[in-house]
Amino acid sequence: MAVDTSAAETTHRVELETAFLDGRHRARRRLFLLRAGLNLCGVALFLLAWESVPWLFPSINPVLFPTPSLVFATFWPMLTSGEIPVNIAVSVRRAATGFLLATVLGIAAGVFTARSRLTEYLTEPLLHGFRSVPVIALVPLSVLWFGIGEGAKVALVATGAFFPIWIATFIGVRDVNLVYLRSAACLGAGPLATMFLVVLPAALPLILAGLRQSMAISLIVLVAAELSGATSGVAYMMSMGHQLFRVDIMFIGLLLLGTLGFAFDRLFVWLTRRLFPWYVN
Amino acid sequence: MASLIEVEGVSQIFETREGKANWALWQVSLEIEAGEFVCLIGPSGCGKTTLLHLIAGFMKPSEGSVRFAGAPVGEPSPDRGVVFQEYALFGWMTARQNVEFGLRMRGMGRAERREKAREALARVGLERALERYPHELSGGMRQRVAVARALVNEPRVLLMDEPFAAVDAITRTTLQDDLVRLWQQTGVSVVFVTHNVDEAAFLAQRVVVMRPHPGSIKRSMNIDLPYPRQRSSAEFAQLYAHLGEALGE
């Protein structure tokens, strides 16, 4: 009798659990679909409102404010002809090279300045002085000195991206929790092992924040550099659109830049999760 | 034969936040034998953690000498394992990698250290948490990993700085039971800092009672109650009261 009761109880419990978990699963799925649907609706509403501007405000010149359909009509041939993909590739290569260069140099500089009083005090005023100068202000000088070659643009991007990475690494490495350093020491770690296995991983959250900020800056500097002297690239395409009085091409540039910035940020977050599973935001 | 740890006339001076000189320790002498379990107890500011850090080698005494196994204490070494209060596990390494760290620094091969780490974690009851990161473990489990990480290097002394202060009371008593068991199994010396009378009474063969301003040793009391100690026994209650009195004097 007692066995029967407990068997029935177990069955009942399993039923309840299954129903509960199914319900939770369905609710999560509904929420996901709702979110995706509303996301799409938002974009569609925006495009619809934009498309109806000439109907609502007939006085607006469609050449100065082209509708999405006009922009798309320009976009599609430029995409299939390869003009847009080439310009994207050129811009991405410049931004990525500059950013990677800044990553290597910025982390190295951050580590060296944080680990020694001598280098810290020696570079302190220079670091804070130089990083206060907006890199965009260097663009005309760079064109004057180095012309409009690839190297000059990559160097500009690298310069702009370098400082946030340096600062973030410097603070992260300097302020590593003393308990980590003591743990490493009493487990027999030497200076090199401590740096690579303890200090840098401990500083990683700050370094990643610096890298993310630098990615956004890379894009800004890239646009500034391409606008003021280039023969290819997304921003160059926009400046051509400007000179040809083609606002639709300028709009395409804006959309591409927004998409690129967004895509790189997502990629960064995804890579962070993959590479550092222990790092929970 | 000399004691394992010899602290002789040690004083330690600090600068306070107001810019004044403050003696965290004043002329402290203490000897700890191999295999002994000693608790340092006292109110905050009595210098018990400073004394532990001096033995570990995290700082040099302003005056006096600290010797370990006959030689002056230099840099921190795996001979003197340290378990900190909390947040000392490397968050970017799994439990197994944390425990392997010291072995890796010694240059031990991958397979061998993996096996040793597995054994060490099994000894603290965590064989199922090998590949978990510290943030996935409870406070008590984290401190078990920390104990395993120190013990796997086969230290001659385990220096513990209020290691169970941040865990809940139920977990704390199981951790204390396990520590006594590990101490008996390995024969390691333990220097255990606490401000908890019950903990000292449960764990120690000798309790060193300290007082602040300046940090110094008030009394050293031997406890000859056999292990495992029963908290419900009359002897334990008496010991608890006795220690409490010594602390409050």
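Mentor: On a 1 Å grid over the protein atoms alone, a cavity is a set of points where a 1.4 Å probe fits but cannot get out, and its lining residues have an atom within 4 Å of a point. This is a predicted model, in which local features need pLDDT of at least 70 and side-chain atom pairs count only at pLDDT 80 or more, while totals for chains, interfaces and linings use all residues. Residues are numbered from 1 along each chain as its sequence is written, chains are lettered from A in the order in which they are written, and side-chain values use heavy atoms, without hydrogens and water.

Trainee: What makes a residue part of the lining of the largest cavity, and which residues are they?

Mentor: Val124(B), Gln143(B), Arg144(B), Val147(B), Phe164(B), Leu175(B), Asp178(B), Leu179(B) and Leu182(B) line the largest cavity, so each of them has an atom within 4 Å of one of its points. The space in this cavity is about 60 Å³, a volume being the space filled by probe spheres set on the points, which are joined across faces, edges and corners. Helices H4 and H5 (169–186) of chain B each supply at least two lining residues, and H5(B) has the largest share with 4 residues.

Trainee: How many cavities of 30 Å³ or more does the rule count?

Mentor: The count comes to 4 cavities.

Trainee: Which residues lie nearest the centre of the second largest pocket?

Mentor: Tyr180(A), Tyr87(B), Leu89(B), Gly91(B) and Pro134(B) lie nearest the centre, among 23 lining residues, and the volume is about 420 Å³. H9 of chain A and H4 (139–151) of chain B each supply at least two residues of this lining, with H4(B) giving the most, 4 residues.

Trainee: How do you know that chain A and chain B are in contact?

Mentor: Contact means heavy atoms within 4.5 Å, and it takes 25 residues from chain B and 19 residues from chain A. The two chains bury about 1900 Å² between them, 73% of it on carbon and sulfur atoms, where buried area is the accessible area (1.4 Å probe) lost on being put together, summed over both parts. On the side of chain B, Trp92(B), Phe101(B) and Met105(B) lose the most area to chain A, together 32% of what that side buries.

Trainee: Which elements of chain B give two or more residues to the side that touches chain A?

Mentor: They are strand E6 (80–83) and helix H2 (95–105) of chain B, and H2(B) gives the most, with 4 residues.

Note on methods
On a 1 Å grid over the protein atoms alone, a cavity is a set of points where a 1.4 Å probe fits but cannot get out, and a pocket is an open set with protein on both sides within 12 Å along at least five of seven lines; lining residues have an atom within 4 Å of a point.
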